[in-house]
Amino acid sequence: MEAGFLEGKAGPVFHVLHLPDASSIRGAVLFVPPLAEELNKSRRMVSLQARRLAQAGYAVLIPDLYGCGDSGGDFGDAAWDLWLDDLARCSEHLETRCPSPFMVWGVRAGCLLAGDFLATRAQPATAAIFWAPVTNGEQHLTQFLRLRMAAGLMGGQKEGTAQLRAQLDAGEPLEVAGYSLAPGLAARLAAARLQRPHAEAIEWFEVAAQDTAPLPPASERLIERWREEGAAVTATVVAGDAFWSTQDIVEVPQLLEATMQRLEALP
């Protein structure tokens, strides 16, 4: 495993590169992280999966995008286009170090960003791996703002989503769950919709209380539309907790195993 900084457009971008033990690399995987606290809650699962991928012969690059984690800047300095530029630089570094079939792996709102990033590439990725993807950025932003509303109620302050959105629309940053949300980032997130990734195969994973649970209706509709458009999409539901939002750090072994099984099944 290697760790270091890449030169980003706005400042240093920290990354960890998991390298396989095998002399021949089966694939190069770029991770696209979720937003804010979901990133911190997901780190354990991401690390576990990256290690398993490396053991199976895949190189995995995990960045902290600008304003996040150990990279330069604060979250309030982050911007959607800046993150896309970070991903482009990370992918160039990964493909230079590990020339092999290129894949992208996103978690939650990171899938929105991954879809936008893949749309900029001339060549399709071998695979796009989506964990519990957010399909509607507007809804995700609303859920994020509700964290501030809940904290406000505990402190005797009553705010509504319309009021908070008005503040953002007026160019005023908002403090939400310890993060400074910039109006520009909020606007890009609100406008984002999960687009069909430019990839030869799409591996879509949902986490539910039981592995027999149906896909969320929005996910099912989107997957069906992509299939009608000719995309090769495999959807898998695994049993486990929503590790990105639980109070404690949890693991979902079934998701780790299912991801490896699907990668093994790729042509």
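Of the 267 residues in the chain, 55% count as buried, a term that stands for under 20% relative accessible area with a 1.4 Å probe and protein chains only. The structure is a predicted model, in which local features need pLDDT of at least 70 and side-chain atom pairs count only at pLDDT 80 or more, while totals for chains, interfaces and linings use all residues. Residues are numbered from 1 along each chain as its sequence is written, and side-chain values use heavy atoms, with hydrogens and water left out.

The overall form comes next. The chain has a radius of gyration of 18 Å, which agrees with the value near 18 Å for a compact globule of 267 residues; the radius is taken over C-alpha atoms, and the globule rule is 2.2 Å times the number of residues to the power 0.38. Along the principal axes, the C-alpha atoms fill a box of roughly 60 × 45 × 35 Å. Among contacts (heavy atoms within 4.5 Å) with a separation of 6 or more, 74% join residues 24 or more positions apart.

A cavity is a set of points on a 1 Å grid over the protein atoms alone where a 1.4 Å probe fits but cannot get out, and its lining residues have an atom within 4 Å of a point. The volume is the space filled by probe spheres set on the points, which are joined across faces, edges and corners. The count comes to 1 cavity of 30 Å³ or more, and the largest cavity has a volume of about 40 Å³. Its lining consists of Pro-33, Pro-34, Leu-35, Leu-65, Cys-68, Trp-83 and Leu-113.

Methods. 1 Å grid on protein atoms, 1.4 Å probe; cavity = no way out; pocket = protein on both sides within 12 Å on 5 of 7 lines; lining within 4 Å. Buried < 20%, exposed > 50% of the residue type's maximum accessible area, 1.4 Å probe, protein only.
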